[in-house]
Amino acid sequence: MKASQFLLPTTKEDPQDAVVASHKLMIRAGLVRKSHSGLYSYLPLGLKILKKIESIIREEMNSSGALEFELPILTPSEFWETSGRWDKMGKEMFRLQDRHDNVSCLGPTHEESFCHLMKPMLKSYKDLPINVYQVHTKFRDEIRPRYGVIRSREFTMKDSYSYHLDDESLDETYQLMRKTYRSIFGRMGLATIPVQADSGNMGGSDSEEFMVVSPIGEETLMICPSCGYNGNIEKTAVILNEEASPTKSYLDGNKVETPNVKSIEEVASFFSVDKSETIKTVAMMGDGQGILVFIPGDRELNEAKLKNASGLNEIYAMGPKDLEQYNLKAGFIGPSSTFHPGLKLYLDTSISANREYVVGANEFEFHKKGFIFGDSLFHKDSLYERVDLVLARKGDSCPNCGSGLNEEKGIEVGHIFKLGQKYTKAFEMKVLDKNGKTRDLTMGCYGIGVNRCMATIIEQCNDEKGIFWPISVAPFEVCLVNITKKEEDTARVEEIYQSFKLSGIDIFWDDRDLGPGFKFKDSELIGFPIRLTLGKDFVERNEINILIRKSGKEIQHTYTNFESLKKQIADIIQDLYTDLGASNV
Ligand code: ATP
Ligand code: MG
């Protein structure tokens, strides 16, 4: 491709609304342009990269045996009503009404659509297992679209769904997808860590997110340096190191007047204790039901764990009316044996039974000190349901081996789930087994954010000059910059360019009528992996300068014939591929 026939709208200035490197560089290098909030247009260079990422995904998915489909993006509300998600998906779904008053949404994900499609086609155990996928546009009305295409409202996802007769078969495909994902991300130059994740309202059991460690990541990963355990912060179990032995309970502890002392900080400072020696009582409403959650004062409630423990779908903080209904004094709520009978009580497992705590006294402007939960925690008919309810944090014990956990930020580029029977049951997907008996199916789902991968690669591969693309997804493998002036010299460059075009090496020729500085800057900003410069040295001594963008290494090639130049470039390309594999094992 010749630059003079292409469009290279590169800019020097960072876009005003961009805060992360990938967003700035995608705009500056002329890969995308913002259309509106969370909406981006892909320009030819950006699209070429996106398509390369897609084709890596397709190749690996196809080689795993998955079958490609393409379903409508517009999905009728009936599908979502069948699964019970029409209401649950809330405001994230773009909903619309057609001229016949039928309501649909722009699909944020396609479990329902694929179940609807596959149900009549899967009749016998012989049709299973099957893994179906598409690479298609998704819409999500994100509360906060940000970081450019990392969190946008319209994006491309590779989503696949597998159907099985039993859990064993589901596990086989799940493990195969796990392996396939490692190959996909490895091939595009992304070093990912699969971390155990919460399966949220998707239902099901196993779930792992593929994370790329990055300071701009929105997810927090807990990583064990000793045994290799990886979990996201929501999923990671928090374990109490020494379980206390039950002692007497002092439900009446010492009551102390605490005027204007409400927050955990205020309580800890008033009583001169550490925050961990106080109890934080979180008053919540869940599906219309009042809940009190007791956690150590220095910890944060993990809503995902609470939802899992309680089976509740929507939880939010109690408002003044709810507090009044349950006779609760905000800021002074503490353990009690005489709560409103309608309240559900949850107590975090990291609260010790025989340690003394400062707690709310359930009286306006009063706390109790020296409160011990004691036996009340261990009675079979205990008031409290005792479960793990807090967010993990750095230094917590690894749930696997007990060593101290580290914390990292990560970008989620892919996700694999065992969905179980949530959707197959809702859509009544059944087949006949070997014995002619009707069996319910079970299901897995597997997603990759294509545009997010592209941005994440840039996050990993950039420097002060711009992007350095991994060879596998680079818009072109080689950029040819000629800074010769005379017509006869340009004719020789044209000849080399034409030979490259026939050689299978993907080449971009910056033949624009611009100064060398400008061309060099653009090629570094855009991030072509290899640059060939043909200038004065070429005219005088047949010398071509080869620059490897990532390492900055320069090689002088004395041009004798095209074949030897081609061989040298092909070897460099091969080395860059080897490098890519080596850094992602
Ligand atoms: P997140 O927690 O980042 O919102 P998610 O859990 O909602 O992600 P999934 O429903 O598992 O994401 O979707 C599969 C993949 O699609 C994600 O791993 C991510 O790479 C990508 N993805 C999800 N939402 C967006 C978005 N708004 N913009 C771009 N890519 C997205
Ligand atoms: Mg999301």
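**Chatting through a predicted fold**

Student: OK, and what's the helix and strand count in the protein?

Tutor: You get 15 helices and 31 strands.

Student: What size of box do the C-alpha atoms fill?

Tutor: Taken along the principal axes, the box is roughly 100 × 65 × 50 Å.

Student: How many residues does the protein have, and what share counts as buried?

Tutor: There are 585 residues, and 53% of them count as buried.

Student: And the accessible surface, what does that come to?

Tutor: About 27000 Å², with carbon and sulfur atoms contributing 48% of that.

Student: Switching to strands. In what order do E4, E5 and E6 sit in their open sheet?

Tutor: The order is E4-E6-E5, an open sheet of 3 strands with antiparallel pairing. Strands E4 (74-76) and E5 (94-97) are the edges, each pairing on one side only. From one strand to the next, the twist averages 35°.

Student: How many bridges join E5 to E6?

Tutor: There are 4, and the two strands run antiparallel, with E6 covering residues 103-106.

Student: Which residue in E6 is the bridge partner of Gln 97?

Tutor: That's Val 103.

Student: Last topic, charges. How many positive and negative side chains are there?

Tutor: The protein has 73 positive and 86 negative ones.

Student: And how far apart are the centres of the two sets?

Tutor: Those centres lie 1 Å apart.

Key: Residues numbered from 1 in each chain as written. Chains lettered and ligands numbered in written order. Predicted model: local features only at pLDDT ≥ 70, side-chain atom pairs only at ≥ 80, totals over all residues. Heavy atoms only, no water. Pairing = 2+ DSSP bridges. Axes fitted to C-alpha atoms, helices over the stretch in contact; angles between N-to-C directions. Buried < 20%, exposed > 50% of the residue type's maximum accessible area, 1.4 Å probe, protein only. Areas by Shrake-Rupley, 256 points an atom, 1.4 Å probe, with all protein chains shown as cover. Lys, Arg positive; Asp, Glu negative; His and termini not counted. Charge placed at Lys NZ, Arg CZ, Asp CG, Glu CD.
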